[in-house]
Amino acid sequence: MIIGVGIDVVDVGRFMATIERVPALRDRLFTPDERELPPASLAARFAAKEAIAKALGAPAGMSWQDATVRRTVGAQPVVEVTGTVAARADELGVARFHLSISHDAGIASAVAIAEGDPA
């Protein structure tokens with residue numbers, strides 16, 4: 001059962017200009033494992049976190065640090081949630097996330113589907 005769907009698109013150059021202008025954002029938005037990714041991948045992770053938030057109804061108070069997007073070569077990305085994001089997912093009955101990430105021509109995008117188990 002689909003509980004929520006989210007999508008986000010990020011202009012990589014504009015996003016990185018913001019990160020350079022406000023360096024503290026890198027630490028606020030990304031977990032230590034994500035922070036050193038190349039610009040397009042970093043922007044794609046941001047888009048993924050935005051898409052996840054939207055799939056959860058974008059409630060106030062969720063921490064960016066409570067969602068980590070991991071990529072394994074040859075497999076789809078995996079979302080690990082903790083803290084505030086996990087609490088919201090549990091509240092809605094989310095059992096798993098499906099995530100698609102892409103970046104090309106200066107644009108990063110992500111789609112997230114929050115899925116629950118059938119009642």
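Thr31 is buried, with a relative accessible area of 7% (buried means under 20% relative accessible area, exposed over 50%, partly exposed in between, with a 1.4 Å probe and protein chains only). The model is predicted: local features need pLDDT of at least 70, side-chain atom pairs count only at pLDDT 80 or more, and totals for chains, interfaces and linings use all residues. Residues are numbered from 1 along each chain as its sequence is written, and side-chain values use heavy atoms, with hydrogens and water left out.

Thr31 sits in the loop between helix H2 (24-29) and helix H3 (39-55); helices (H or I, at least four residues) and strands (E, at least two) are DSSP runs, numbered from the N terminus. Leaving aside residues up to four places away in sequence, Thr31 touches Lys49, Gln65, Ala67 and Thr68 (contact means heavy atoms within 4.5 Å).

Ala95 lies in the loop between helix H4 (83-92) and strand S4 (96-104). With the same exclusion of residues up to four places away in sequence, Ala95 touches Glu115, Gly116 and Asp117. Ala95 and Asp117 are 22 residues apart in sequence, and their C-alpha atoms are 6.2 Å apart in space.

| Residue | Relative accessible area | Class |
|---|---|---|
| Thr31 | 7% | buried |
| Ala95 | 41% | partly exposed |
| Ile2 | 59% | exposed |

Ile2 is found in strand S1.
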